[in-house]
Amino acid sequence: MTTATPLGGTTFFSLNVTTREQDFLYKSSGAIVAAVVVVVIIIFAVVLILLKVYNRKMRTRRELEPKGPKPASPSALGPNSNSSQHPATVTFSPVDVHMETR
């Protein structure tokens, strides 16, 4: 309880809290924390369900799209190559191999 006590022209508030009121405050703060945790879990579950629905919708949209032939990308063949040219071959020449002569 809060009581106002006049003291020489100014008013001071003193807080008289009994052990019963302290217990009530502790219990109510625990309930508030529990309520916040429950709300966070509910929000997390709603977001998860929305993401699953969105993923399912996008997957069905991709599967129902007509699939056409994809042209080969020019970067796969190299920056300076044409489709009529053969790919470059690499030859190995053993320069540093020393053979024993008998």
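**The annotated segment and its surface**

Modeller: The protein exposes about 10600 Å², of which carbon and sulfur atoms supply 65% (Shrake-Rupley areas with a 1.4 Å probe, where for residues only the protein chains shown count as cover). This is a predicted model, in which local features need pLDDT of at least 70 and side-chain atom pairs count only at pLDDT 80 or more, while totals for chains, interfaces and linings use all residues. Residues are numbered from 1 along each chain as its sequence is written, and side-chain values use heavy atoms, with hydrogens and water left out.

From the N terminus the elements run β-β-α-α, as DSSP runs (H or I for helices, at least four residues; E for strands, at least two). Mean pLDDT, the predictor's confidence on a scale from 0 to 100, is 75 for the protein, and 50% of its residues reach 70 or more.

Over residues 31-54 the chain is 100% helix and 0% strand, with the end C-alpha atoms 35 Å apart.

Val-38, Ile-42, Val-46 and Leu-50 make a nonpolar surface patch of about 370 Å² (residues with over 30% relative accessible area and no salt bridge, nonpolar side chains being joined within 5 Å; a salt bridge puts a Lys or Arg side-chain nitrogen within 4 Å of an Asp or Glu carboxyl oxygen). Leu-50, which lies in helix H1 (residues 19-64), is exposed at a relative accessible area of 57% (exposed is over 50%, buried under 20%, partly exposed in between, with a 1.4 Å probe and protein chains only). Of the 102 residues of the protein, 0% count as buried.

Key. Patch = residues over 30% accessible without salt bridge, like charges linked within 9 Å, V, L, I, M, F, W, Y side chains within 5 Å.
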